[in-house]
Amino acid sequence: MSVVLTLAKREWSSLFFAPVAYAVIGLFGMGCGLVFLANFVPGQEASLRGVFDAIVWLLVFLVPSIGMKFISEEISGGTIERLMTLPVSEGQVVLGKWLAGMGFVAVLLATLLLPIGILEVVAEPDYGPIVSGGVGLLLVGGLFVAVALFASATTGSQVVAYMAAVFVNCGLTFVLFFVPQTQWARSLDPAVQATLQYGNVNRQFADFAKGLIDLRHFVYFLTGTALFLFGAVKLLESRRWR
């Protein structure tokens, strides 16, 4: 485990040497601020639910921008071969990079302390939905980091990795959010409709934003994250034997 933490610390530190990290933090903070102001209406419930829902959409595009480099940079820079000769397993490499990505997601979500502080000053917020919403956002971020890692392991181009990760994220959010509402989807077998709805990240996150904890949502996010991390490990393993 110490090897994984060492790799995670190295990767997490390297993220902040790139200007893109600060650009992502700035865009995230600005987006959250605008949504908060739009939802902050005197006399209404002191809640961050609208902000949480918007953050899911923001993470679709922002997480791949920091995850696209994790393995693509190693491939394009020629350091992947040296990495594969070190006494570390592919699983340790992937897990270390994923933890680094989660650390960055945690930094992004820490910016929510400002709107939470504002609510505390001007109102009496219900911390149940705020805490559960934060947990849900970490799970969403974990899934998107895993997707970015998998995409990054497929190519040496960071641009291609970014586009591939965004494509998958859009499939899990935009596509599976709107398709089940179409007339075509309503004509499908009820089991197929339920599967389409279950696969949507937004629907899985919705209960967290309401303050509801359901084990099925944890299973969805943890299984999806594990699946993409497993795929990234297998891609790295295939490079070792080339």
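Me: What should I know before we start?

Reply: This is a predicted model, where local features need pLDDT of at least 70, side-chain atom pairs count only at pLDDT 80 or more, and totals for chains, interfaces and linings use all residues. Residues are numbered from 1 along each chain as its sequence is written, and side-chain values use heavy atoms, with hydrogens and water left out.

Me: Why is Glu 11 called buried?

Reply: Buried means under 20% relative accessible area, exposed means over 50%, and partly exposed is in between (1.4 Å probe, protein chains only). Glu 11 has a relative accessible area of 4%, so it is buried. Lys 97 also comes out at 4%, so that one is buried too. Across the protein, 45% of the 242 residues count as buried.

Me: How do you know that Glu 11 and Lys 97 form a salt bridge?

Reply: A salt bridge needs a side-chain nitrogen of Lys or Arg within 4 Å of a carboxyl oxygen of Asp or Glu. The N to O distance for Glu 11 and Lys 97 is 2.7 Å, so the pair passes. It links distant parts of the chain: Glu 11 sits in helix H1 (residues 2-15) and Lys 97 in helix H6 (residues 90-110), 86 residues apart. Both belong to a network of salt bridges that also takes in Arg 10, Lys 69 and Glu 73. The structure holds six salt bridges.

Me: What about Lys 234 and Glu 237, what separates them along the helix?

Reply: About one helical turn, because they are three residues apart in helix H13 (residues 215-240).

Me: Is Arg 216 buried or exposed, and why?

Reply: Arg 216 has a relative accessible area of 56%, so it is exposed. Its salt-bridge partner is Asp 214, with the closest N and O atoms 2.7 Å apart. Asp 214 stands at 19%, so it is buried.

Me: Why does Ala 38 count as exposed?

Reply: Because its relative accessibility is 60%. Ala 38 lies in helix H2 (residues 19-39). Ala 38 and Gly 50 are 12 residues apart in sequence and 9.1 Å apart in space, C-alpha to C-alpha.

Me: What makes the nonpolar surface patch?

Reply: Phe 40, Leu 114, Ile 118, Val 121 and Val 122 make it, with about 470 Å². Patch residues have over 30% relative accessible area and no salt bridge; nonpolar side chains (Val, Leu, Ile, Met, Phe, Trp, Tyr) are joined within 5 Å, and like charges within 9 Å. Areas come from the Shrake-Rupley method with a 1.4 Å probe, and for residues only the protein chains shown count as cover. Ile 118, in helix H7 (residues 113-122), is partly exposed at 32%.

Technical notes:
Helix = DSSP H or I, 4+ residues; strand = E, 2+ residues; numbered from the N terminus.
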